[in-house]
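Biologist: I am new to this one. Show me the model, and tell me what backs each term you use.

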Amino acid sequence: MPAPSPSAGERPTPTILGVGAAVPDQLITNADLVARLDTSDEWIVRRTGIRERRHLRPTETLAELAARACTDAVIDAGCNAAGVDHLIIATITPDRLTPGLAPAVAARIGAAHAGVLDVNAACTGFLYGLDHAAALIESGRARHVLVCGAEALSRITDHEDRATAVLFGDGAGAVLVGPGATGRGIGSFVFGYDDTLADTLYAERDAPKLQMAGQQVYRHAVARMTEAAQELLARNGVEVEQVDYFVAHQANARIVTAVADALGVPHEKVSFNVEWTANTSAASIPLALAAAQRDGHLKPGSLVGMVAFGAGFVWAAGLASWKDT
Ligand SMILES: CC(C)(COP(=O)(O)OP(=O)(O)OC[C@H]1O[C@@H](n2cnc3c(N)ncnc32)[C@H](O)[C@@H]1OP(=O)(O)O)[C@@H](O)C(=O)NCCC(=O)NCCS
């Protein structure tokens with residue numbers, strides 16, 4: 001079904017129409033890690049805020065997990081997967097080096113006519129997908145775009161290294177983006193990168209285990225996400241008080257707290273979903289959005305602010321209206 005072209009002066013306003021999430025069944029608690037690593041629940045909770053994470057089993061695929069999240073998002077939006085014009089999947093851990101995840105996920109959910117694309121922008125990948133989805137809808141080139149963040153970070157984690165093994169988890173989250181009504185829509189995004197610090201957070205192709213200089217990453221994550229969020233608000237002419245809910249990349253509760261405090265966002269408006277998911281890279285923001293809707297923090301017409309930071313370094317910030325139909 002080709003998307004209708006907007007007539008002059010009638011540019012569709014993209015909005016998030018639905019959200020979905022899926023995590024693997026296999027639960028890994030801090031107690032499970034304490035049983036085999038030189039660590040403690042107290043250390044993990046105090047330094048990261050993380051209490052548990054999920055890991056895919058070797059026989060399970062990320063495509064299947066992502067398909068569950070995408071199907072949930074389409075159902076939540078009251079739409080049909082057959083009407084999805086594009087599926088954009090942000091991931092650094094596809095089941096295979098090639099093909100990407102998107103074709104397998106589109107086939108599983110019945111998005112028979114969708115354009116299918118994987119995006120690799122580490123923990124900021126979901127926000128890149130959201131910005132591209134908004135552009136496709138505004139221009140009239142698409143009417144419904146599914147944006148999914150899906151990761152199996154357990155597959156690129158060194159499970160013997162206590163400094164990183166406690167930090168990462170697997171999961172998938174998705175949103176369906178489509179034309180909204182009268183609201184603010186999906187605003188102008190902020191993007192940035194600095195490749196001079198690429199060696200502080202990376203995984204090599206031939207030895208794919210995440211390596212990280214934790215303290216350096218921590219400092220830059222706080223500074224870059226704070227700056228990006230401030231620029232985002234200024235660029236969109238929005239005061240921080242107008243943002244109903246704030247989702248920063250869920251890497252570490254202390255990072256989220258530092259960014260929220262620097263921006264002046266009260267903690268009751270802030271997602272701390274990292275407690276239950278650990279760091280799921282590109283999946284972290286859509287998983288947090290799904291949890292926020294479930295817990296009543298996001299309602300139709302809410303304005304949600306999002307900011308992410310990850311390997312590259314690459315960072316992004318975006319504003320979106322919630323179910324503004
Ligand atoms: C990784 C991180 C939680 C470590 O916290 P930290 O307060 O910086 O801790 P440090 O790395 O300075 O380590 C402090 C001590 O704890 C120890 N430690 C590290 N991991 C540990 C663990 N799981 N359990 C117990 N002790 C641990 C270290 O060996 C070190 O011991 P030492 O003082 O005897 O040398 C933190 O740096 C962080 O969150 N960084 C950013 C991570 C991130 O966001 N990554 C992804 C971005 S997308």
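Modeller: Start with contacts between residues at least 6 apart in sequence: in this chain, 78% of them join residues at least 24 apart. Two residues are in contact if their C-beta atoms, placed from the backbone, lie within 7 Å. The model is predicted: local features need pLDDT of at least 70, side-chain atom pairs count only at pLDDT 80 or more, and totals for chains, interfaces and linings use all residues. Residues are numbered from 1 along each chain as its sequence is written.

Biologist: How many helices and strands does the chain have?

Modeller: The chain has 10 helices and 13 strands. Both are DSSP runs, numbered from the N terminus: helices are H or I with at least four residues, strands are E with at least two.

Biologist: Why is the chain called as compact as a globular protein of that length?

Modeller: Its radius of gyration, taken over C-alpha atoms, is set against the globule rule, 2.2 Å times the number of residues to the power 0.38. The rule gives 20 Å for 325 residues and the chain has 18 Å, which is close, so the chain is as compact as a globular protein of that length.

Biologist: What share of the residues counts as buried?

Modeller: Of the 325 residues, 54% do. A residue is buried if 20 or more other C-beta atoms lie within 10 Å of its own, exposed if 12 or fewer, and partly exposed in between; C-beta atoms are placed from the backbone.

Biologist: Which domains is the chain divided into?

Modeller: Domain 1 covers 14–179 and domain 2 covers 190–321. These bounds come from an automatic or database domain assignment. Their C-alpha centres lie 15 Å apart. By the contact rule, 43 residues of domain 1 touch 41 residues of domain 2. Elements giving two or more residues to that side of domain 1 include strand 1 (14–22) and helix 5 (125–139).

Biologist: What makes strand 1 and strand 5 edges?

Modeller: Two strands pair if DSSP finds at least two bridges between them. Five strands form an open sheet in the order 1-7-6-4-5, with mixed pairing. Strand 1 and strand 5 (115–119) each have a single partner strand, so one side of each is left without a neighbour in the sheet.

Biologist: How do you know that strand 1 and strand 7 pair?

Modeller: Eight bridges join them, and the definition asks for at least two. The two strands run antiparallel. Valine 19 stands opposite valine 175 in strand 7.
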